[in-house]
Amino acid sequence: MHDRRTGEARKDARAVDLSALGTETRNERTADLDRMPVPDLLEAMNAEDRSVALAVREALPRIGAAVELITASLREGGRLVYLGAGTSGRIGLLDAVECPPTFGTPPGQVVALVAGGPDAFAVAAEGAEDDPRGAVADLDRIGVGARDTVVGLTASGRTPYVVGGLDHARSLDARTVAVSCNRDAVVSGHADVAIEVVTGPEVLTGSTRLKAGSAQKMVCNMLSTASMVRLGKVYRNLMVDVRPTNDKLTDRARRIVAQAAGADPETAARALEAAGGHAKTAVVMLLAHCDAAEAAARLDRSGGDVRGAAGLA
């Protein structure tokens with residue numbers, strides 16, 4: 001099997017010796033896990049978890065390359081599409097559903113496909129991960145194309161559903177990213193950018209919902225957050241595109257406007273009301289000393305960037 005873009009040979013997901021994967025090997029530091037007192041067990045888990053952030057750090061250059069792909073897709077009107085099975089798929093879905101309230105993204109701009117369909121989020125459908133054709137059908141159902149970036153998540157790095165999905169996405173000229181937790185993963189040869197976060201043996205042998213799951217969540221956090229920052233969804237370190245859809249978020253929006261514009265709470269609340277609840281518009285109103293209509297026009301001209309809209313760039 002060869003990569004149609006590079007001509008390089010690719011590994012076959014079904015030919016992998018699972019027992020040789022780092023995520024499947026036994027952790028000698030927790031060999032007596034079943035005999036550990038609870039305090040010692042928790043200490044062991046915490047000690048293993050501390051290694052996850054360091055493993056992610058090693059992958060930062062590749063994560064950065066993926067952010068550039070995703071940002072380009074979103075600028076072009078494309079989508080960020082997470083693709084995964086089991087725990088990995090659920091992690092992608094968690095990240096996707098948080099983007100609209102956090103960054104004001106329209107529905108469907110960041111989506112997640114889980115092997116076995118939406119019901120697999122709550123009820124495990126582990127067998128679905130072995131069918132690469134399932135990913136092809138799922139990607140076709142949402143009309144993936146050249147403007148999109150598809151991010152395949154697989155702790156083992158060889159999940160057929162993810163490998164098949166990335167191959168299909170590439171055949172449609174979509175940008176592709178692979179996220180795995182093993183070195184020289186099969187899936188790495190099936191994507192434009194390969195992110196390998198080598199987390200090693202789990203505390204509980206083979207339970208990749210632990211360190212590998214944490215690593216994938218951290219990577220997804222970076223991919224979506226950094227991309228949204230690049231798109232102007234953030235001013236300084238404030239989520240100025242937050243959607244105030246409940247009391248907590250309404251209060252947060254008021255505080256964001258006050259902090260961003262250096263205004264008192266009452267002034268921020270009035271501006272937010274005049275802006276129809278859109279924090280970013282309210283911020284520009286106060287920074288540029290203009291009304292809501294002018295602030296909205298300024299944001300449109302600046303591509304949504306607060307600094308540019310307020311004349312601070």
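1. In this predicted model, 5 strands form an open sheet whose pairing is parallel, and the order of the strands across the sheet is E2-E1-E3-E4-E5. The edges are taken by strand E2 (110-114) and strand E5 (193-196), each of which pairs on one side only. From one strand to the next, the twist averages 20°.

2. Within the sheet, strand E3 (residues 149-154) pairs with strand E4 (residues 175-180) in the parallel sense, and the pairing runs over 6 bridges. A reader wishing to locate this pairing in the structure may look for Thr 154, which stands opposite Ser 180 in E4.

3. Two helices may be described together with the sheet. Helix H2 (residues 60-75) packs on the sheet and touches strand E1 (80-84) as well as E3, E4 and E5, with a direction that makes about 135° with that of E5. Helix H3 (residues 86-103) lies across E1, E2 and E3, and runs at about 160° to E2.

4. Because Glu 76 lies in the loop between H2 and E1 while Arg 175 belongs to strand E4, the pair ties together parts that are 99 residues apart in sequence.

5. Turning to helix pairs, helix H4 (residues 132-141) and helix H5 (residues 160-171) pack at an angle of about 45°, with their axes 7 Å apart. That angle makes H4 oblique to H5, and the crossing of the two helices is right-handed. On the H4 side the residues that meet H5 are Pro 132, Gly 134, Ala 135, Val 136, Asp 138, Leu 139 and Asp 140, while H5 brings Pro 160, Tyr 161, Gly 164, Gly 165, His 168 and Ala 169. Sorted by class, the contact of H4 with H5 has 7 nonpolar, 4 polar and 2 charged residues.

6. For helix H7 (residues 247-261) and helix H9 (residues 279-288), the axes come within 9 Å and cross at roughly 30°. That crossing angle makes H7 roughly parallel to H9, and H7 passes H9 in a right-handed crossing. The contact is made by Ala 253, Val 257, Ala 260 and Ala 261 of H7, together with Ala 279, Ala 282, Val 283, Leu 286 and Leu 287 of H9. By class, the contact of H7 with H9 has 9 nonpolar residues, with no polar and no charged residues.

Key:
Residues are numbered from 1 along each chain as its sequence is written. This is a predicted model: local features need pLDDT of at least 70, side-chain atom pairs count only at pLDDT 80 or more; totals for chains, interfaces and linings use all residues. Side-chain values use heavy atoms; hydrogens and water are left out. Two strands pair if DSSP finds at least two bridges between them. Helices (H or I, at least four residues) and strands (E, at least two) are DSSP runs, numbered from the N terminus. Axes are lines fitted to C-alpha atoms, for helices over the stretch in contact, and angles run from 0 to 180 degrees between N-to-C directions. Contact means heavy atoms within 4.5 Å. Angles under 35 degrees count as roughly parallel, over 145 as roughly antiparallel, 65 to 115 as roughly perpendicular and the rest as oblique. A crossing is left-handed if the near helix is turned anticlockwise from the far one by less than a right angle, and right-handed if clockwise. Ala, Val, Leu, Ile, Met, Phe, Trp, Tyr, Cys and Pro count as nonpolar, Asp, Glu, Lys and Arg as charged, and the others, Gly among them, as polar.
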